[in-house]
Amino acid sequence: MNQALSPVVRPEAPIDPFGAIETIDTTGPVVRAERRSVSEADSRRANGPDWDRYADEYQATHGPFLGEAGFVWGPEGLTEADLGILGDVSGKDVLELGSGACQCSRWVNTRGGRAIGMDLSGRQLQHSRRLDEQTGVVVPAVQATATDLPFAADSFDVVFCSFGALQFVSDIAHAVAETARVLRPGGRFAFSITHPTRWMFPDDPGPEGLIAAQSYWDRTPYVEVDDETGEVSYVEHHRTLGDWVAILAGAGFRITDLVEPEWPEDHERIWGGWSRTRGLLTPGTAIFGADLTNR
Ligand SMILES: C[S@@+](CC[C@H](N)C(=O)[O-])C[C@H]1O[C@@H](n2cnc3c(N)ncnc32)[C@H](O)[C@@H]1O
């Protein structure tokens with residue numbers, strides 16, 4: 001299921017955050033959606049360029065909702081200021097996985113933290129540089145993958161991920177083990193993902209999206225395939241709630257929180273398959289909080 005983070009029809013007139021510095025071809029392929037297994041290498045090969053193409057539209061569409069230095073955990077609009085699942089970030093070394101334009105890290109830095117962003121997409125990180133300049137709150141950021149973090153062991157007190165890398169990687173056990181490696185003992189890990197139960201439903205914000213039509217237990221990735229070349233151009237991976245418990249426990253984490261944000265009464269915004277129609281009845285986002293207790 002494409003959680004509509006990546007549209008099938010690509011924008012033709014993107015915003016250009018850097019004017020003459022660089023332009024990017026945002027005209028993506030015409031694709032068909034299917035379910036099939038995809039390796040870690042192929043997931044990266046597809047998702048990096050896909051997010052490069054989509055970054056301008058993503059930031060133009062969702063940037064105002066995210067806030068230049070805001071920390072939103074998902075389409076329901078729950079903020080870290082309200083949730084506090086990371087604890088006090090002041091004076092802490094913090095890493096954000098799949099940071100996009102680093103809005104969340106920027107919020108952390110306005111709260112006295114020392115956050116670093118990392119993302120697979122260079123274009124997303126260019127948007128982060130744009131926000132650095134616009135806000136004056138600078139977030140150092142690196143281009144890398146969550147399955148191979150370019151940091152020494154025991155570097156961070158907190159690692160977090162807001163709808164970032166985790167549902168885009170195939171080798172999730174390795175990505176979580178990498179997180180454990182770079183965290184200090186007792187460190188905090190929190191992340192949001194599409195709620196696993198959403199994988200039972202069509203990715204439709206309307207009533208059609210309320211009819212269970214796919215097996216919750218089918219872990220076969222959602223894939224978009226370039227109609228012309230047959231190459232995979234976008235991938236999302238599904239794990240059940242039980243899978244997440246096993247993955248986190250296996251890497252030495254003790255789960256302390258599983259937050260399922262309710263749809264706010266006055267919230268009308270549609271974000272891909274997230275909507276008021278569905279949000280009032282089924283959870284769209286899962287937020288895990290865990291402590292590294294056993295490495
Ligand atoms: C839905 S966006 C979320 C970005 C940001 N957290 C936000 O809230 O706007 C997902 C991000 O994950 C990044 N991503 C995908 N696969 C990744 C990987 N293997 N390692 C690091 N980042 C990845 C994408 O490039 C994209 O910027």
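Trainee: What makes E9 and strand E10 (residues 285-292) a pair?
Mentor: Two strands pair if DSSP finds at least two bridges between them. E9 and E10 are joined over 6 bridges in the antiparallel sense, so by the rule of at least two bridges they are paired. Within this pairing, Leu 258 stands opposite Phe 288 in E10. Please keep in mind that this is a predicted model, in which local features need pLDDT of at least 70, side-chain atom pairs count only at pLDDT 80 or more, and totals for chains, interfaces and linings use all residues. Residues are numbered from 1 along each chain as its sequence is written.

Trainee: How are strands and helices themselves identified and numbered?
Mentor: They are DSSP runs, numbered from the N terminus: helices are H or I runs of at least four residues, and strands are E runs of at least two.

Trainee: Why are E4 and E9 said to stand at the edges?
Mentor: The open sheet of 7 strands has the order E4-E3-E2-E5-E6-E10-E9, with mixed pairing. Strand E4 (141-143) and strand E9 (253-259) each have a single partner strand, so one side of each is left without a neighbour in the sheet. The twist averages 20° from one strand to the next.

Trainee: In which sense do E5 and E6 run?
Mentor: E5 and E6 run parallel and are joined by 6 bridges. Phe 156 stands opposite Leu 183 in E6.

Trainee: What makes strand E6 (residues 183-194) "mostly covered"?
Mentor: Of its 12 residues, 9 are buried. A residue is buried if 20 or more other C-beta atoms lie within 10 Å of its own, exposed if 12 or fewer, and partly exposed in between, with C-beta atoms placed from the backbone.

Trainee: How do you know whether Cys 102 is buried or exposed?
Mentor: Cys 102 has 30 other C-beta atoms within 10 Å, so it is buried. Its place is in the loop between E2 and H3, and it has a positive phi of about 65° although it is not a glycine.

Trainee: And on what count is Phe 163 classified?
Mentor: Phe 163 counts as buried because it has 23 C-beta neighbours inside 10 Å. Phe 163 is placed in the loop between E5 and helix H5 (172-182); it, too, is not a glycine, yet has a positive phi, of about 50°.

Trainee: Is Thr 27 buried or exposed?
Mentor: Thr 27 has 10 other C-beta atoms within 10 Å, so it is exposed. Thr 27 lies in the segment before E1. Its C-alpha atom is separated by 14 Å from that of Tyr 234, 207 residues apart along the chain.

Trainee: What makes the contact between H1 and H4?
Mentor: H1 and helix H4 (residues 122-135) pack at an angle of about 35°, with their axes 7 Å apart. The contact is made by Trp 51, Asp 52, Ala 55 and Gln 59 of H1 and by Gly 122, Arg 123, Gln 124 and His 127 of H4. Two residues are in contact if their C-beta atoms, placed from the backbone, lie within 7 Å. Axes are lines fitted to C-alpha atoms, for helices over the stretch in contact, and angles run from 0 to 180 degrees between N-to-C directions.

Trainee: Which residues are closest to the ligand?
Mentor: The closest are Trp 51, Gly 98, Gly 100, Ala 165 and Phe 168, among the 20 residues that surround the ligand. A residue is near a molecule if its C-beta atom, placed from the backbone, lies within 6 Å of it. Helix H1 (residues 40-66) gives the largest share of this shell, 4 residues.
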